[in-house]
Amino acid sequence: MPIIQQENGRKTVAGLPLRWGVRAYEELRRAQDGVIGPMPARYKKLAALLDEVTGAPLPLDATDAQLCIYAQRYADECATQAGMLHDLKAIRARLAWMVVNRGLAVPAVADDRQFMLRCVDAAWWRRNLRRVHGRAFEHAAIRLGFVSSRTGAYASNETVARRIAQNVRNAAALRTVMMVNEDGQEYSLADLAAKGVGNKAIRRGELMLRMAGCEEIANELGHVGVFVTLTCPSKFHAVLSKSGLLNPNYNGATPREAQAYLSKVWQCIRAKNGRDNVLPYGFRIAEPHHDGCPHWHILMFVPAHKVRRVKLTLAAYALAEDGDEPGAKRNRLKVVRIEAGKGTAAGYIAKYVGKNIDGEHVGDQLDRDGNVIETDLVGDQVMRASQRVEAWASAWGIRQFQPIGQPPVTVWRELRRVKAEAVEGAPQHVMDAWNACQRVTVTDPDTGEVVTLQAANYASYIRAQGGVNVGRRYAIGVAEKVEEREGRYGLATRPMPIGIYCRQAPDALYASTRHQWKRAGGAVPACRPWSSVNNCTVDYAPAWEAQAEWTADIAPFDDTAYFAGFDFACFDQFGDFNPDHFKEMQYGK
């Protein structure tokens, strides 16, 4: 039975965050309905759910500081066990058992030494414990009804706040680290990150460019756009959308399990399309329902005379499981043919891309009553929809965007690193692909306005690669060189991109330009401290001190990584200082 405790003058269920515990206690009290004696069935069901949720290996109300303590403790235990054995196989088996016994997946490395170094590293435990605890926390929030359009859409308020705070800490850490390359150019890590697809605006722009390129190819081939929305059966949804009540038919699946179900359905659809000689191409976007259960938006282009065949295939596999349940035919699958007169396919899907990245082109954010959510004093909305979606995808490790039937974007990005002189004399399709990837701009010296003289064209890149749906027979690939790199756990061989190559002549390398970056600033020489002991001149100093070398190359102390990985929000959960609680955190119960 759930343990009832009193915290800050309010009765809560032990083992849950304060906000959850207060509401759980109130629900239990209402379910009891004043009955003395055997409890009603509703009370027993809720009590069983709370017992299951609070019985997790890692306490749901554990703070980040406690997770760090657990990580250090587990790493020390692994180090102790490794020191007691001498056979490598026995050590690996013992450490693997300890990792699995604590709810984590064993490191997927073949090298025994690197395997052991991970198991005895507190940072490895800390990273994995945060992921496992975050997913257990979020799944509990879903099961208890704290993820819905009424209580917090897509992800719980706690998970979204934790993700926002993490992004703020990461951005602050990136701004403090300066890097310098071999040419003497110095930038902060934040500036370097802003130049890649980690920049949300660049990521959104690249996705829209790729979608526009697919649409241009479709128009050339006479294909039509079809917009598909694919949803899971009702048993994957924890909360009813209209009433906000818990779904009595919910099977307890996590969003990752629901994503796996949709992937399996899509595999069947793709195989059937292959048998029917239907080769769609486009994009798939995964986004959450209000209760965190994922659904897919698929923009695909197909020949006009095969649209009906595609619809029948989609319906057959989308309704294969529980297809006869109420509302299945109406809600499980929606297929819309995009009409040319009503706008472009890329424009049709722009709001879904913006909603899943940075909120651009989405419009005003509305509450349940249809009112626009007001901004605060600095103009920021509290937990915007895009922030909630990003926190959801990060917590569950779900890939949001997936191309269908297109050439790899890695070659596109690598071509942008190749200079013009490197592709001189290359085959025509290589030159065409290189030209398609280049964006030529000029800056007005008077106004500072940037004018685009030549825009990048993804459709031309697709043509140079041989078209759509050619499998692994694309004309251009990324050239890689296998190198040994020193990492946290020793040397590891990994392929490093060095340019592009043409599959017709694989021996020809068109090298890309990459800078060698290192952290700016060197070691600060250590000097004698000024104290009452040695605050005299050299003439009066002892002979051994005068002859001693006081300059040494000692690396400056750097605590950036520690503060970047520490969740300071944990201190917000503590009220008055409690020595017993502090001892419990430090030494365990």
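Predicted model: local features only at pLDDT ≥ 70, side-chain atom pairs only at ≥ 80, totals over all residues.
Figure 1. Strand β5 (residues 223–230) and β7 are antiparallel and are joined over 8 bridges. Strand β6 (residues 281–288) also pairs with β7 in the antiparallel sense, over 8 bridges. Strand β7 (residues 294–303) is mostly covered, with 10 of its 10 residues buried. The hairpin of β6 and β7 has 5 residues between the strands, and in this hairpin Gly 292 adopts a positive phi near 90°.

**Figure 2. The hairpin of strands β13 and β14.** Strand β13 (residues 490–502) and strand β14 (residues 505–511) run antiparallel and are joined by 4 bridges. The two strands form a hairpin with 2 residues between them. Gly 499 has Ala 511 of β14 as its bridge partner.

**Figure 3. Helix α10 and its buried face.** The buried residues of the helix are Pro 255, Ala 258, Gln 259, Tyr 261, Leu 262, Val 265, Trp 266, Ile 269, Lys 272 and Asn 273. Viewed down the axis of α10, these buried residues fall within an arc of 155° and therefore line one face of the helix. An α-helix has 3.6 residues a turn, so residues three or four places apart point the same way. On the other side of α10, the exposed residues are Lys 264, Arg 270 and Arg 275.

Figure 4. Most residues other than glycine have a negative phi. Asn 277 is not a glycine, yet its phi is positive, at about 60°. This residue comes just after α10, in the loop between α10 (255–275) and β6. Asn 277 is exposed, with a relative accessible area of 52%, a value that meets the criterion of over 50%. Asn 469 likewise is a residue other than glycine with a positive phi, in this case near 55°. Asn 469 belongs to the loop between α17 (458–464) and β12 (476–487). With a relative accessible area of 25%, Asn 469 is partly exposed.

Figure 5. The structure holds 12 aromatic pairs. In the pair of Tyr 70 and Tyr 74, the ring centres are 6.1 Å apart and the planes are at 15°, so the pair is stacked. The cut-offs behind this assignment are centres within 6.5 Å and planes under 30 degrees apart. Both tyrosines lie in helix α3 (residues 64–84), 4 residues apart, which is about one turn of the helix. Tyr 70 and Tyr 74 are both buried. Together with Trp 124 and Trp 125, Tyr 70 and Tyr 74 form one aromatic cluster.

**Figure 6. Arginine residues over phenylalanine rings.** Arg 23 lies over the face of Phe 146, at 4.7 Å from the ring centre. In a second pair, Arg 92 lies over the face of Phe 115, at 4.2 Å from the ring centre.

Figure 7. Thr 313 is located in helix α11 (residues 307–318). Its relative accessibility is 2%, so Thr 313 counts as buried. A polar atom of the Thr 313 side chain lies 3.0 Å from the backbone oxygen of Arg 309.

**Figure 8. Lys 334 and His 297.** Lys 334 belongs to strand β8 (residues 333–337). At 47% relative accessibility, Lys 334 counts as partly exposed. Lys 334 and His 297 are separated by 37 residues in sequence, and their C-alpha atoms are 9.5 Å apart in space.

Conventions. Residues numbered from 1 in each chain as written. Heavy atoms only, no water. Phe/Tyr/Trp six-rings, centres within 6.5 Å; stacked < 30°, edge-to-face > 60°. Buried < 20%, exposed > 50% of the residue type's maximum accessible area, 1.4 Å probe, protein only. Lys NZ or Arg CZ within 6 Å of the ring centre and 35° of its normal. Pairing = 2+ DSSP bridges. Arc of directions from axis to C-beta. Polar contact = N/O pair within 3.5 Å; in protein donor to acceptor, adjacent residues only side chain to side chain.
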